[in-house]
Amino acid sequence: MRIASALVAALTPLAASAVTLTVNGLQELRIGVKDCKSLQLVANWDLGVTPTGNDRIRLLGARNGSGACSSTSATTSPDRTFLDSTPRARTDSTTLSASDMVLSASDAGVQPCDDPDVTNRSSANPLNNMLCLQYSVTSVFGSGSVSTASVNVKYALAPPFPPIDIGIAPGDGHLKLSWSPGDPAEIIVQYDVHVAPATGGVDGGVAATVTSTHADVSTTDDGRPLQNDAGYFITIVATDSYGNVSQPSVDVLAFPVATADFYNHYRDQGGSARGCASGGASVWIAGIAIALALLLRRRSKARNGASLIALLAVLAPAAHAVESERQPRFLIGFKIDRYDPKVDSEPGLTGTPYHDVFGSRKPLRYQLEFDWEVAHPFGALLVGATVGFWQNYGKAVLRSSPPGSPQPSQDTTVLNVFPIGLIATYRFDWLANRWARFPFIPYAQAGLMRALWMSYNGKGDVSRDPVNGGRGRGWTNGYTTALGLALNLNAIDVELAREGYVDTGIQRTSLFAEYGWTFLNDFNRGGALLLTDRAWRFGLAVEF
């Protein structure tokens, strides 16, 4: 048996384990016109094992599709053999020039990098050759095996086509640009956007460098801010993945225009909200965080929360609380609604700035609510916090619009609102707690609200009003109320709900609809952006 094993080992060649090959540290190399004649290719390999005197390595240049890498025969043109020798060590390297790997099949009588077969190729149809390493291992009885590794070496020397179809959306002190690649099949990795005054005088540089087919520029090539109503020539240059640079696109003349974003238009129409820095909100936010921390502290005895329960009990009907065996402790709810703030209802406005900019759009508002069920007096009393997000976008108004007839520009403007609040809720879930199949839970809710609003101009900066003064960011205080009805989903399948409770700890899941009133008017003190609204809200809640 030992003799047989030894014989098998002798007859089996030493398998060359995972052979690796890199060129300039890469598994794929892309060579453009500026590198074809000058770049040196350093091939590094690792045979995976220590070679013996009977082993052999060959470094080959193979034209795409030639099959030379899988053959041990002598290469024929245009394939080339760069190295054929006994390996000296497990790892080694050699250097050749980029032009050596062109391996052109044509006979144009010129240097490889000047051959039309490669100079006419772009990133859409590169010349794709392969540098490969063959490692042949031979046993003492003459049998052998060959392992190979290869690196793609691609050539594209033709420049990409210049960008086309340049579109311009003029804004206030900036220009939003879009374009299409000259050839969609080309691999473009960078666009340089050049902006030059129509009057001349730019001293080099690039206004913007992007990887997509759109850009927003606010300076010339030499860094000077764009001026409204001044002319600028726009050209775009493409660079492909081989480092080839296109010719400039056709010049397009563009003019920034003076516009009023939402906040500026609101101020122009007599709006009184001057905005403020956001730092003053830290105290209010800290207050909510502290309140939540206090609510989430679990009390071991009911008397520890007696004062809070006594305060909230006046909001509930006087009733004897008959506790079930397991009362939920917390509720998490997610709700959405169509938010349409009544900005234009502010006294003193001479127009309708909100609807001039945003029209009739009523985007969705998203709100997350977290409540602690502090008591169950013939139902459930909850206190908690809510936080939300809403965004609307529209077109800024041209400052050249006729009086009383605002005209939209191509510039954009955005209004964000972040409502936060402390709320108290009474849920009449007494029937649902006692009859598992009772599906309805009516509730009422009230609380204090505060909303951070932020207006952005077409450049994405917070709005500023240079004419009337003020900044497009501030807080509006108020309160909220709601009446709603929750549909207890546990009533659909009681047994499944019990299994869910055992597995997840969720005691009740419900869908709900409520009609809410949000009075965000700074308690009628003036000087704030009015964000009051009323709407139907819908959502999902879980209790655990």
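These legends describe close-up views of a predicted model. Residues are numbered from 1 along each chain as its sequence is written. In this predicted model, local features need pLDDT of at least 70, side-chain atom pairs count only at pLDDT 80 or more, and totals for chains, interfaces and linings use all residues; side-chain values use heavy atoms, with hydrogens and water left out.

**View 1. An open sheet of four strands, β12-β11-β14-β15.**
The four strands follow this order, with antiparallel pairing. Strands are DSSP runs of E of at least two residues, helices are runs of H or I of at least four, and both are numbered from the N terminus. Two strands pair if DSSP finds at least two bridges between them. The edges are β12 (208–210) and β15 (252–254). Each has a single partner strand, so one side of each is left without a neighbour in the sheet. From one strand to the next, the twist averages 30 degrees. Axes are lines fitted to C-alpha atoms, for helices over the stretch in contact, and angles run from 0 to 180 degrees between N-to-C directions.

**View 2. The pairing of β11 with β14.**
Strand β11 covers residues 188–197, and β14 covers residues 232–240. The two run antiparallel and are joined by nine bridges. Tyr 191 has Ala 238 in β14 as its bridge partner.

**View 3. An open sheet of three strands, β9-β10-β13.**
Pairing is antiparallel here. β9 (164–171) and β13 (214–217) are the edge strands, each pairing on one side only. Neighbouring strands are turned by 20 degrees against each other on average, direction ignored. Four bridges link β10 (residues 174–180) to β13. Leu 175 stands opposite Val 217 in β13.

**View 4. Thr 532 in the loop between β23 and β24.**
The loop lies between β23 (508–520) and β24 (533–543). Thr 532 has a relative accessible area of 19%. That makes Thr 532 buried (under 20%; exposed is over 50%, partly exposed in between; 1.4 Å probe, protein chains only). The Thr 532 side chain reaches the backbone nitrogen of Leu 520 at 3.1 Å. Beyond its neighbours within four places in sequence, Thr 532 is in contact (heavy atoms within 4.5 Å) with residues including Asp 340, Pro 341, Lys 342 and Phe 519.

**View 5. The two ends of helix α8.**
Helix α8 spans residues 494–504. At its start, a side-chain oxygen of Asp 493 reaches to within 3.4 Å of the backbone nitrogen of Glu 495. Just after α8, Gly 505 takes a positive phi of about 85 degrees.

Notes:
A polar contact is a pair of N or O atoms within 3.5 Å; within protein, one must be able to donate a hydrogen and the other to accept it, and residues adjacent in sequence count only if both atoms are side-chain atoms.
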